[in-house]
Amino acid sequence: MANPQLIMYDEEFKQINAVIEKLLREANAKVIFLVDKNGQLITGCGETERFDTTSLASLTAGNIAATGGLAKLIGEKEFSILFHEGEKDNLHISIVAGRVILVVLFDTRSSLGLVRLRVKKSSEELSAIFGRLMQKSEEKEKSGDSEFPFAEITDDDIDNLFS
Amino acid sequence: MSFINYASREINCKIVYYGPGLCGKTTNLQFVYQKTAPDAKGKMISLATETERTLFFDFLPLALGEIRGFKTRFHLYTVPGQVFYDASRKLILKGVDGVVFVADSQEERMDANVESVENLRINLIEQGYDLDKIPYVVQYNKRDLPNILSVEELRRELNPTNVPEFEACATTGEGVFETLKAVAKLILFDLKKGK
Ligand SMILES: Nc1nc2c(ncn2[C@@H]2O[C@H](COP(=O)(O)OP(=O)(O)OP(=O)(O)O)[C@@H](O)[C@H]2O)c(=O)[nH]1
Ligand SMILES: [Mg+2]
């Protein structure tokens with residue numbers, strides 16, 4: 001299918017969180033999010049509770065999708081970095097490993113130059129982790145070794161969700 | 001594509017409401033939003049024109065509960081139905097797990113329904129999906145209006161493969177949750193099969 005399913009495991013999740021927490025400190029950022037290109041929040045750190053993270057994830061993905069569409073129209077593959085400047089807060093949005101979106105929110109305590117520099121380094125680390133993650137889920141799929149919890153799911157389980 | 005997170009024990013799935021302009025996609029989401037307990041839903045986002053036509057998408061995140069210890073979330077999206085927003089519709093179909101086709105039952109909208117299903121099929125193919133293979137349900141909306149076609153007539157044109165279908169009146173909410181439940185069920189059963 002178009003995109004292989006994104007599956008997150010404990011080990012990589014911890015590694016990813018460590019990378020963005022380091023980025024948060026080094027870039028002097030307020031909040032950092034990682035969002036799947038389909039709009040699903042993967043993780044975040046910093047002052048996350050101040051934001052509606054689910055909406056943020058969906059709109060970021062919509063934004064990347066729309067600018068990606070624009071890029072294609074003018075013959076570019078994609079715009080891999082977007083920058084939105086506000087009065088106080090700014091958003092630096094970049095694509096990592098071709099499929100994950102890294103969102104860095106920062107204010108005047110940081111600067112675009114610093115954020116750019118640090119994002120670049122973290123992106124490489126994140127790319128490596130996501131690369132391993134994809135490999136791992138492919139291997140698990142091939143070997144049929146999935147701990148997937150839904151094998152036993154019943155009609156009632158689903159009906160209960162909506163009750 | 002659904003996102004399964006073993007670390008936080010969450011599963012996220014994406015459902016897209018598709019259909020011609022003014023068929024009632026946004027109204028479906030609004031009803032679901034109104035009737036869902038505050039702790040089970042996030043904010044509904046509507047990127048719309050000043051006349052309330054969907055411009056890019058509506059988005060409604062639902063966190064309905066747990067299945068086997070996994071938090072199960074559904075992200076509901078609508079596409080803009082107006083023909084000239086095709087580029088946006090393609091973007092919203094990215095990563096879709098299940099589709100609801102909302103048909104407008106009014107006789108004069110039949111051509112628009114047919115055109116929209118064809119458009120759905122083509123846009124899915126572009127994303128690498130086959131409408132006959134993904135979780136898919138059809139809703140015949142606006143059953144409250146006088147000038148409507150019979151379900152048999154609608155089915156013949158819009159649901160030749162006999163996927164689950166529902167009559168609805170999205171303004172009063174009739175059929176809205178039945179439709180959502182049906183597509184959610186298909187998605188979760190698909191996951192179960194390990195697709
Ligand atoms: N009578 C009746 N009106 C309906 C029903 N469902 C929706 N409507 C009305 O139809 C109009 C359009 O509904 P929307 O939900 O905005 O349509 P949409 O499919 O989102 O349209 P686009 O955003 O342009 O694609 C609104 O005025 C709704 O109140 C229904 O079941 N019965
Ligand atoms: Mg709409």
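A polar side-chain atom of B:K25 lies 2.8 Å from an oxygen atom of ligand 1, a polar contact being a pair of N or O atoms within 3.5 Å; within protein, one must be able to donate a hydrogen and the other to accept it, and residues adjacent in sequence count only if both atoms are side-chain atoms. The contacts of this kind are tabulated below.

| Residue and atom type | Distance to an oxygen atom of ligand 1 |
|---|---|
| B:K25, polar side-chain atom | 2.8 Å |
| B:L22, polar backbone atom | 3.0 Å |
| B:A170, polar backbone atom | 3.0 Å |

Ligand 1 is surrounded by 19 residues, of which B:K25, B:T26, B:T27, B:R53 and B:G81 are the closest; a residue is near a molecule or strand if one of its heavy atoms lies within 4 Å of it.

The model is predicted: local features need pLDDT of at least 70 and side-chain atom pairs count only at pLDDT 80 or more, while totals for chains, interfaces and linings use all residues. Residues are numbered from 1 along each chain as its sequence is written, chains are lettered from A and ligands numbered from 1 in the order in which they are written, and side-chain values use heavy atoms, with hydrogens and water left out.

The magnesium ion (ligand 2) is coordinated at 2.0 Å by OG1 of B:T26 and OG1 of B:T54. Donors are N, O and S atoms within 2.8 Å of the metal (3.2 Å for Na, K and Ca); because water is not among the atoms, sites may look incomplete. B:T26 belongs to helix α1 (residues 25-35) of chain B and B:T54 to strand β4 (residues 54-67) of chain B, so that the pair, 28 residues apart, links distant parts of the chain. Helices (H or I, at least four residues) and strands (E, at least two) are DSSP runs, numbered from the N terminus. Both B:T26 and B:T54 are buried, that is, under 20% relative accessible area, with exposed over 50% and partly exposed in between (1.4 Å probe, protein chains only).

In chain A, five strands form an open sheet in the order β3-β2-β6-β5-β4, with antiparallel pairing; strands pair if DSSP finds at least two bridges between them. Its edge strands, β3 (41-46) and β4 (81-85) of chain A, each pair on one side only. Antiparallel β2(A) and β3(A) are joined by five bridges, and A:L34 stands opposite A:T43 in β3(A). Their hairpin has four residues between the strands, and A:G39 there takes a positive phi near 100°.
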